[in-house]
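Thank you for making the time this morning. I would like to walk through one structure with you, going from the whole chains down to single residues.

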Amino acid sequence: MSLLEIDNLSIGYSGIEAVRSVSLRVEAGEIATVIGPNGAGKTTLLGAIMGILPSTGSIRLNGESLTGTDIEHRVERGMSLVAESRELFTTMTVAENLRLGGFRLRAQGQAALQRGMDENYALFPRLAERRTQLAGTLSGGERQMLAMARALMARPRLLMLDEPSLGLAPLIVRDIFRTVAALRASGVAILLVEQNARAALAISDHAVVLEMGRITLAGKSADLAANPRIVEMYLGAGR
Amino acid sequence: MDLSILLILLQDGIVNGAVYALVALCLVLVFAVTRIILIPQGEFVSFAALTYAVLDTGVAPASLYLLCGLGAAAFLRSCWTRRGSELLWLALETLILPAIVTLITIWLAPLHLGVAVQAILAIAITAPLAPYLYRLAYQPLAEASVLVLLIASVGAHLALGGIGLLVFGPEGSRGPAFTSAIFHLGDQTISGQSLWIVALTAASLTGLYLFFEFTLLGAALRATAVNRLGARLVGIRTSQSGLIAFTLAGLLGALSGVLIAPLTTIYYDGGFLIGLKGFVAAIIGALASTPIAVVAALGVGVVESFSSFWASAFKEVIVFTLIIPVLLWRSLRHQTTEDEE
């Protein structure tokens, strides 16, 4: 049994099927990635897995069906999504954003919360420096770090990242990907959606290619990175 | 006009303004968390004031029917989606709580235990109406637009107005003062009631501040106000936040009703005007800033007391005219911020 099992998932809005019968697996402790061009339905797919968008088909986490449940229930069960738009609490401080990230574990008390915050400050030292600053005043890279740290505060079993590199400077992108790769060691499974196919394939174990709402290729990331069609379309021969 | 009259009017204005501040605070709080403009807030005020006045006569108030009825209706509205322990909690909140409050009230009402007990009973009877109303009228519409929620608010206000007439009758009444003490400060007299009002308002404001700044639940409510999707993504149920916001609004609304009951004769529909004055203050704070809303509410109270001295026939007109320059200023300012974006 895989951690996340998705079968025949279709998502349509206003009459158009944006994603058509997608099936994919994410194993515990691995990084899986969905690559594909703009508008292929990658963000829509994550939205449906998280329960933001309605969908048909089956979504199971650790064997438990999540069909028809709401976002909050899926958070309770151990899913976290870092949305493309980050969705931070912009008028609250970095520390408050993190504290609220741990809302799922509120019953475990202050000490557990503090431990989670310390771990995330260690993972993202920049956030520790900015802990009393309002989230809305952070730079783009810092916002992405805060969004990831806030999601990690819930100690998810599955972390979903939607375009973590979007709009960030290359150096910061490298940092973010390094952190994502390091998270694998902590045992959390990651489902990564990226346009930056080169970086995504480099750190992931498995990958699927989503084009026009359908999965056109799936396999080990290393194999896909060597696939001539992928090289030509997403990696660029000369780069 | 000499200094002593000025001071009397000022004192009067601040006392009334304190009550408006509580109302304004609730409107800002509820709007920020749920995007609902809570027109029925005034009903909580008048229902609490009238309940408090009836309790003083040693009779169990008819608003107990309203409490139990609305609780049962809220239960029926929400019960079919609940199972197990959730259903138990719902029953505890909407069925058992009103039953307990009713029994205690019937037991204590004839004993004439004094204003403190009456005030607490009046708040206990009125405050739960707010969360029941949320479950009944607003929760099914939680994702609707602000306009739809406003229409629901108008509906709830009109329905509660009718129920208020049925429950309390058309006669107005005035509740007993908390204390008959009078203090002298130079040649000024300050009633103990005024001090109670200002002190309880200040205590409520401080309590709210501590709740929002220093508790996780308070932070969760603020988070819901800042970013609803963000709040849901960390597992904060927005419907739960709404319920908490309404509970606070019910508590503070009932408290303002009990505070204002000794100052003026309240009719079943009298809360609406009080609510509107709170609304003026909330609008001055752009339905977002609580400190501005509180200061504005004090201002509304002072303007009202001065205009009732100079032109008492136009008292309400002057207070509500205040909103026009504020709206003009707001709309001009809003345009410039749009240009900057």
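I will take the two chains in turn, then their contact, and then a few local details.

Please keep in mind throughout that this is a predicted model, and that everything I quote is computed from its coordinates.

Let me begin with chain A, which contains ten helices and ten strands. Its C-alpha atoms fill a box of roughly 50 × 45 × 35 Å along the principal axes. For 239 residues a compact globule would have a radius of gyration near 18 Å, and chain A, at 17 Å, agrees with that expectation. Buried residues make up 45% of the 239 residues in this chain, and if we take the contacts in chain A between residues at least 6 apart in sequence, 66% of them join residues at least 24 apart.

Chain B has another make-up, with 15 helices and two strands. The C-alpha trace of chain B spans about 65 × 65 × 35 Å along its principal axes, and its radius of gyration of 20 Å agrees with the value near 20 Å that a compact globule of 341 residues would have. Here buried residues account for 46% of the 341 residues, while residues 24 or more positions apart provide 76% of the contacts in chain B with a separation of 6 or more.

Now to the place where the two chains touch. In total, 15 residues of chain B are in contact with 21 residues of chain A. Which helix of chain B gives the largest share of the side that touches chain A? That is α9(B), which contributes six residues, and both α9, residues 216–226, and α10, residues 228–233, supply at least two residues each to that side of chain B. Sorted by class, the residues on the side of chain B that touches chain A divide into nine nonpolar, three polar and three charged.

Next, a helix pair within chain B. Helix α4, residues 84–108, and helix α5, residues 115–126, pack at an angle of about 155°, with their axes 10 Å apart. Given that angle, α4(B) and α5(B) are therefore roughly antiparallel to each other, and α4(B) passes α5(B) in a left-handed crossing. On the α4(B) side the contact is made by B:V101, B:T105 and B:L108, and on the α5(B) side by B:V117, B:L121, B:A124 and B:I125. By class, this contact has six nonpolar residues, one polar residue and no charged ones.

In chain B, B:A261 lies in the loop between α11 and α12. Is B:A261 buried or exposed? B:A261 is buried, because 29 other C-beta atoms lie within 10 Å, and 20 or more is the cut-off for calling a residue buried. Leaving aside residues up to four places away in sequence, B:A261 touches B:A49, B:Y52, B:A53, B:R174, B:G175 and B:I266. B:A261 and B:A177 are 84 residues apart in sequence, yet their C-alpha atoms are 8.0 Å apart in space.

The remaining two residues are in chain A, and for these I would draw your attention to the backbone. A:E87, in the loop between β6 and α3 of chain A, has a positive phi of about 55° although it is not a glycine. A:E87 is buried, with 20 other C-beta atoms within 10 Å. A:M212, in the loop between β9 and β10 of chain A, likewise has a positive phi, near 50°, in a residue other than glycine. A:M212, however, is partly exposed, with 13 other C-beta atoms within 10 Å.

Methods. Residues are numbered from 1 along each chain as its sequence is written. Chains are lettered from A and ligands numbered from 1 in the order in which they are written. This is a predicted model: local features need pLDDT of at least 70, side-chain atom pairs count only at pLDDT 80 or more; totals for chains, interfaces and linings use all residues. Axes are lines fitted to C-alpha atoms, for helices over the stretch in contact, and angles run from 0 to 180 degrees between N-to-C directions. Helices (H or I, at least four residues) and strands (E, at least two) are DSSP runs, numbered from the N terminus. Angles under 35 degrees count as roughly parallel, over 145 as roughly antiparallel, 65 to 115 as roughly perpendicular and the rest as oblique. A crossing is left-handed if the near helix is turned anticlockwise from the far one by less than a right angle, and right-handed if clockwise. Two residues are in contact if their C-beta atoms, placed from the backbone, lie within 7 Å. Ala, Val, Leu, Ile, Met, Phe, Trp, Tyr, Cys and Pro count as nonpolar, Asp, Glu, Lys and Arg as charged, and the others, Gly among them, as polar. The radius of gyration is taken over C-alpha atoms; the globule rule is 2.2 Å times the number of residues to the power 0.38. A residue is buried if 20 or more other C-beta atoms lie within 10 Å of its own, exposed if 12 or fewer, and partly exposed in between; C-beta atoms are placed from the backbone.
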